[in-house]
Amino acid sequence: MHSTLSFSRATTVPTTNYAFHSQSPINLRFCGLRREAFGISILTRSSSGRVRLSTRGRSKRISASTGNNGTPPKSFDYDLIIIGAGVGGHGAALHAVEKGLKTAIIEGDVVGGTCVNRGCVPSKALLAVSGRMRELQSEHHMKALGLQVSAAGYDRQGVAGHANNLASEIRSNLTNSMKALGVDILTGFGTIVGPQKVKYGKVGFTDNVVTAKDIIIATGSVPFVPKGIEVDGKTVITSDHALKLEFVPDWIAIVGSGYIGLEFSDVYTALGSEVTFIEALDQLMPGFDPEISKLAQRVLINPRKIDYHTGVFATKITPARDGKPVIIELTDAKTKEHKDTLEVDAALIATGRAPFTNGLGLENINVVTQRGFVPVDERMRVIDANGNLVPHLYCIGDANGKMMLAHAASAQGISVVEQVTGRDHVLNHLSVPAACFTHPEISMVGLTEPQAREKAVKEGFEISVAKTSFKANTKALAENEGEGLAKLIYRPDNGEILGVHIFGLHAADLIHEASNAIALGTRIQDIKFAVHAHPTLSEVLDELFKSAKVLDMKTLRKMKS
Amino acid sequence: MQTQLGNAAFPRLLRRSLSYIPSILYSLHSLLNLFHFFRFLSNSSPQSQKHKEMASPFLSNTTISFSSSLSSSSLPRIAPSIPFSSIRSNSTPRRILTVRSKIREIFMPALSSTMTEGKIVSWVKSEGDVLSKGESVVVVESDKADMDVETFYDGILAAIVVGEGETAPVGAAIGILAETEDEIAEAKAKAASKSGASTPSAPPPAPAPGAASTPGPPKSTPAPAAPTVAEGPRKTVATPFAKKLAKQHKVDIESVVGTGPYGRITPEDIEAAAGLSPSKKNVGLAVVVETKPAAPAKAPAASAAPSSLPPPVPGSTVVPFTTMQAAVSKNMVESLSVPTFRVGYPVTTDALDALYEKVKPKGVTMTALLAKAAAMALAQHPLVNSSCKDGKSFTYNSNINIAVAVAINGGLITPVLQDADKLDLYLLSQKWKELVEKARAKQLQPQEYNSGTFTLSNLGMFGVDRFDAILPPGQGAIMAVGASKPTVVADADGFFSVKNKMLVNVTADHRIIYGADLAAFLQTFSKIVENPESLTL
């Protein structure tokens with residue numbers, strides 16, 4: 001591995017010493033390997049029908065290469081360089097190795113990105129604690145099961161430790177898996193300096209420049225903090241700080257009621273805090289299917305120590321200082337008039353995430369970001385300021401803003417690797433599931449009912465909705481968790497699944513039957529014959545599919561005539 | 001069994017939401033038993049013990065009232081989504097709303113003809129929310145179902161008079177709707193006069209109908225801005241849970257002195273003000289949280305140790321009725337005003353059992369068979385299908401609607417098979433399956449549970465051989481069906497044989513149905529069951 005590294009420097013840094021080295025037999029091995037891979041990709045590329053693009057790219061590349069150190073054209077340090085070692089980059093790297101690509105990944109911070117270090121992973125640790133606390137505190141629930149538990153308590157340091165340990169464990173798993181497969185992990189912030197060329201390096205050190213046939217941008221995102229809000233990391237915090245659980249305030253305001261806000265409200269209320277939601281839209285939980293969010297509100301918000309202000313912006317938030325609490329100015333979202341002032345112990349800013357694309361050097365290749373997002377087409381190919389595709393440059397994950405979910409980034413990365421290894425692939429984003437890990441959980445895939453109705457009107461088809469309740473599920477009742485709903489939106493004429501939404505026990509694990517069906521194009525009339533073990537929660541989906549009424553051919557013909 | 005029930009999806013959810021009350025879980029078990037009680041029969045081991053045939057139609061010592069219907073028939077039906085305010089004036093004529101000012105009261109709607117009060121499950125909207133026509137505002141639990149109540153007017157929800165979890169009589173104001181922000185203060189004043197006494201108050205004297213232009217109350221709202229918060233030197237700060245508790249215990253939050261950090265009102269302050277001991281949860285939660293340095297040591301209010309309530313008898317717990325249970329209780333007491341009597345009849349079921357085995361694969365249930373048989377007998381005896389509404393006349397019902405008692409955990413409901421005499425057995429079975437699904441999901445519409453003209457109740461699956469049902473108000477008769485058991489019978493020639501016998505026992509209103517009428521009806525019923533071929537026609 002070390003030799004690889006030195007060789008790669010050789011091609012880019014004009015040092016005679018290294019250039020001489022490149023003649024040595026040791027490096028020939030790598031050369032050979034790379035040529036082989038490259039040769040394959042040339043063949044496949046020409047067959048994939050993107051000849052014009054590739055020739056353009058190649059001519060530039062030649063000049064770039066010759067201009068530097070005179071090494072032969074067609075020679076790159078790597079087949080694929082990924083900027084950003086989050087879940088998206090990791091997924092792409094693993095798949096690239098499987099496809100035989102020589103791969104490097106550049107990471108300026110810690111491996112694992114947001115998801116592993118400051119997102120999904122540590123939050124699941126906190127939610128695991130909150131779920132148990134909630135259960136143990138619910139006297140009613142315990143009594144119904146015949147259990148007796150004396151007062152449940154927790155140790156904040158211990159909970160925080162669990163979250164932190166989980167993050168580092170997953171992080172080292174990720175790092176090891178890449179190292180074991182031979183992915184080079186290059187440390188430093190990556191910047192694109194030209195077509196197929198990236199420099200990286202730590203601040204204060206000299207930069208290294210590497211070339212690659214294809215480059216994937218996977219730099220992810222950071223918490224978005226609206227202006228007027230002063231984050232001090234102690235009493236006014238983002239999810240980054242909250243996951244460290246440095247203190248549990250008596251009363252915390254959560255700005256934003258999306259996934260992140262909801263999950264944290266679950267954590268904080270289970271640990272004894274009271275929560276005030278501040279939501280700019282008129283409804284809590286925007287983005288969820290309206291029926292699901294209505295039900296979720298009745299279960300997750302109303303009975304808990306939570307109140308909320310909707311239709312307001314938190315225009316100014318001042319951290320606690322000088323013996324004063326955190327002060328939040330609320331402004332009406334429509335009239336822009338001052339509406340209220342809140343005094344709380346802490347404020348969590350969960351207003352979404354902003355792409356982390358500054359300093360990527362996109363200006364060097366004439367790419368202009370849109371609100372920070374890198375514009376891409378449906379194949380994740382980056383689009384430049386003139387609307388043309390930038391050859392050999394892709395962007396996946398939060399940085400392109402298509403679908404800001406870790407597993408979506410990974411899926412996009414795999415799709416890109418498929419493309420650069422010669423197999424055209426377009427990811428169907430409607431088959432990517434999403435989940436919110438509250439207690440109980442919320443999950444969804446595909447369209448919401450209003451979206452489906454809009455599409456149906458536009459494209460002239462009918463839709464139907466089927467629902468089943470967790471109250472009818474044996475396993476859910478055995479767990480004394482009958483609260484929940486599964487909802488299916490489908491086309492009765494051909495049985496296509498348009499969307500599935502679940503609110504209930506283990507909803508996040510249940511959604512995959514639906515998302516796989518959408519990904520594989522399975523129709524309801526086929527999947528309804530699939531067998532589910534009894535008694536399991538998965539029977540909720542079984543019942544859902546069975547309850548859908550797909551019209552048979554006879555009825556269809558009758559309708560048409 | 002589970003799957004069989006589960007498969008039928010809710011055919012349509014309508015505007016109704018599922019029941020979100022965790023405490024009511026439906027007992028699948030009892031429902032299933034209704035379907036499968038005849039399995040018990042075929043499985044029952046030959047019993048040596050001779051079963052006495054029913055000696056007397058009057059069974060004084062049997063259990064009472066698994067089966068009672070809460071419903072009454074042929075009262076005016078109400079559309080599923082009930083508009084509030086002026087529409088309601090149909091049923092409460094004195095409550096005609098004048099358009100005096102554009103402040104409207106939101107009334108507790110009557111979601112069924114038997115409903116006298118309703119419980120607020122949740123307010124979908126909160127005070128200050130802007131409502132537009134057709135939006136759900138509040139979820140009300142009636143004696144039968146949870147329903148979303150919609151507004152028929154655009155406006156602002158100025159005040160909530162009856163909070164979540166509280167109960168209000170039908171027709172009482174539960175919230176105040178203001179048309180514009182200017183009227184919120186006025187509406188709030190109105191709400192303040194309402195709250196406390198949850199009984200409907202007479203409409204305020206209208207100065208002049210139609211004079212909407214000059215409301216002219218002494219309280220003039222100065223500016224449209226700052227609608228809700230009274231600007232003062234120091235505003236009241238209360239935590240979310242404190243506000244909830246205040247609402248729940250009707251504590252005026254403005255009158256409470258906060259002892260929390262920065263002088264805010266904490267849940268403990270509200271509990272102290274309401275004279276409650278600190279809630280168990282806060283004590284039980286042995287949280288190891290670092291209290292913030294700035295927070296002053298929480299001085300527990302000295303008055304927080306109240307000694308007002310006498311301790312309950314050790315070991316007893318008081319659980320208030322749910323709305324449904326309250327409705328059952330009310331109906332049961334009401335039934336005492338009807339002079340009822342009972343007639344029992346043994347019915348041989350061998351032929352019915354054989355038929356059941358034959359049609360079972362086609363989805364026919366025993367409930368459907370019995371309902372169909374009862375309906376066919378009723379068609380020949382319209383008197384038994386009639387009812388006595390006023391103590392002075394017979395009310396003959398043109399339809400034969402069989403209500404069937406179904407136990408759900410913590411309650412009882414009677415889905416109705418409408419026109420059971422006209423529908424064929426297969427349609428009837430299909431219909432029944434749908435009704436049970438809906439009942440489980442608390443989605444029955446009023447006419448699906450209160451339009452019965454005759455009730456059927458079956459406890460046979462528990463091994464009950466005979467029982468006595470209470471006649472639901474508004475109906476003429478109710479049939480109680482016991483288990484079918486192998487019984488030794490002697491025929492006219494003195495030959496013994498073993499036949500399956502089932503005891504049915506009908507309770508009827510003697511003001512309109514006399515002994516001979518009921519006996520003749522039972523004879524017809526017995527003939528139909530013993531020669532069940534006509535059921536499949």
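Guide: Let's start in chain B, where six strands make an open, mixed sheet in the order β9-β16-β15-β14-β10-β13. Strands here are DSSP runs of E with at least two residues, helices are runs of H or I with at least four, both numbered from the N terminus, and two strands pair if DSSP finds at least two bridges between them. This is a predicted model, so local features need pLDDT of at least 70 and side-chain atom pairs 80 or more, while totals for chains, interfaces and linings use all residues. Residues count from 1 along each chain as written, chains are lettered from A and ligands numbered from 1 in written order, and side-chain values use heavy atoms, without hydrogens and water.

Visitor: Which strands stand at the edges?
Guide: Those are β9 (340–348) and β13 (416–417) of chain B; each has a single partner strand, so one side of each has no neighbour in the sheet.

Visitor: And how do β15 and β16 of chain B pair?
Guide: Antiparallel, over 12 bridges, with β15 covering residues 477–490 and β16 residues 496–509. In that pairing B:Ile478 sits opposite B:Thr507 of β16(B).

Visitor: Which strands does helix α9 of chain B touch?
Guide: Helix α9 (366–380) packs on the sheet and touches β10, β13, β14, β15 and β16 of chain B, where contact means heavy atoms within 4.5 Å. Its direction makes about 145° with that of β14(B); axes are lines fitted to C-alpha atoms, for helices over the stretch in contact, and angles run from 0 to 180 degrees between N-to-C directions.

Visitor: What does α8(B) do with α9(B)?
Guide: Helix α8 (350–359) packs against α9(B) at about 130°, with the axes 10 Å apart. That makes the pair oblique, the word for whatever is not under 35 degrees (roughly parallel), over 145 (roughly antiparallel) or 65 to 115 (roughly perpendicular). B:Leu352, B:Leu355 and B:Tyr356 of α8(B) meet B:Met366, B:Leu369 and B:Leu370 of α9(B).

Visitor: Switching to chain A: at what angle do α5 and α9 cross?
Guide: Roughly 25°, with the axes of α5 (87–98) and α9 (156–181) of chain A coming within 10 Å. That makes α5(A) roughly parallel to α9(A). A:His90, A:Ala93, A:Leu94 and A:Val97 of α5(A) are in contact with A:Leu174, A:Ser177, A:Met178 and A:Leu181 of α9(A).
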